[in-house]
Amino acid sequence: MSTENEGFKNADDLTRWVRYLLYAQVIIILISIFSGYLERQLLLDFQNSTYLSQEQAIADAEASDQRQGLVAITYLVIYIVSIICIGKWIYRANYNARQLGAQGMKFSPGWSVGYFFIPILLLWKPFQAMKEIWKASKNPSDWQNEDVDDIVSVWWALWLVSNFLGQYVFKLSLRAQEIEELLRVNTIYMISDIVSILLALSFLSVVKSIYNMQMGHHLDNMRKHVDEWSHSDNETVVRMIK
């Protein structure tokens, strides 16, 4: 009897939590964009000398800083929890692809996650690992000859752009003092937010696709095992009758 599926670990709950966290990211980023828009209006008011009272200007600036800080902290918490769950999901997806029968995979479950945290190598190794997981999930028995859907490349391109923009806007914000500089930071920050939304949605598509492919193979293998057991039982009954 085939040993496929015997070590397969159900990823229903883990996949569900990854989906929830990606949706939570989208929601908090949308809030961040709205908060950034309010901050931009405040900066424009400062630039155009709209305020008649310095006290009111200071009060609005402090309120804006508090709002932006709260949004940033909330996003950071969601992002950290997301990293943990997504890392566990990638590990599980690689592991399950092997349990479904994929042989000769180059990336281990651990390194499929670990390469995200190694400088330089993180620029391409996680992408290669995810392509391997995709192919092995699509056709475990002959994964080397499978193609990868474009959504995986889209996800990775957005991941690289998002990280570049995040580092760029962080460095820019450290030396921004004038209104014009702060407005530039605000603009790039909102662009980065839009890219982050697209990144979350693209990865959500990757997660759903890999999960569905693996569960499809898992259920097929379970049906084969049931048929084998049923056939074996029938043969036993026939021998007993004889």
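View A. Tyr 51 is partly exposed, with a relative accessible area of 24% (buried means under 20%, exposed over 50% and partly exposed in between, with a 1.4 Å probe and protein chains only). Phe 46, at 28%, is also partly exposed. The model is predicted, so local features need pLDDT of at least 70 and side-chain atom pairs count only at pLDDT 80 or more, whereas totals for chains, interfaces and linings use all residues. Residues are numbered from 1 along each chain as its sequence is written, and side-chain values use heavy atoms, with hydrogens and water left out. The whole structure holds 13 aromatic pairs (ring centres of Phe, Tyr or the six-membered ring of Trp within 6.5 Å; planes under 30 degrees apart are stacked, over 60 edge-to-face, the rest tilted). Phe 46 and Tyr 51 make a tilted pair, 5.5 Å from centre to centre with 45° between the planes.

**View B. The rings of Trp 111 and Tyr 115.** This pair is tilted because the planes stand at 35°, with the ring centres 4.8 Å apart. Trp 111 is partly exposed at 44% relative accessibility, whereas Tyr 115 is buried at 15%. Lys 125 lies over the face of Tyr 115, 5.8 Å from the ring centre (the criterion is NZ of Lys or CZ of Arg within 6 Å of the ring centre and within 35 degrees of the ring normal).

**View C. Lys 9 over Tyr 95.** The charged end of Lys 9 sits over the ring of Tyr 95, at 4.9 Å from its centre.

**View D. The largest nonpolar core.** This core has 43 residues, of which Trp 155, Phe 203 and Ile 210 touch the most other members (a core joins buried Ala, Val, Leu, Ile, Met, Phe, Trp, Tyr and Cys through side-chain atoms within 4.5 Å). Two or more residues each come from helix H1 (12–47), H2, helix H4 (125–138), helix H5 (150–175) and helix H6 (179–241) (helices are DSSP runs of H or I, at least four residues, numbered from the N terminus). With twelve residues, H6 gives the most. Apart from this core lies another of five residues, including Ala 97, Ala 102, Met 105 and Ala 136.

**View E. The surroundings of Phe 203.** Leaving aside residues up to four places away in sequence, Phe 203 touches Val 18, Leu 22, Ile 86, Met 130 and Trp 155 (contact means heavy atoms within 4.5 Å). Phe 203 also belongs to one aromatic cluster with Trp 89, Phe 116, Phe 127, Trp 155, Trp 156 and Trp 159.
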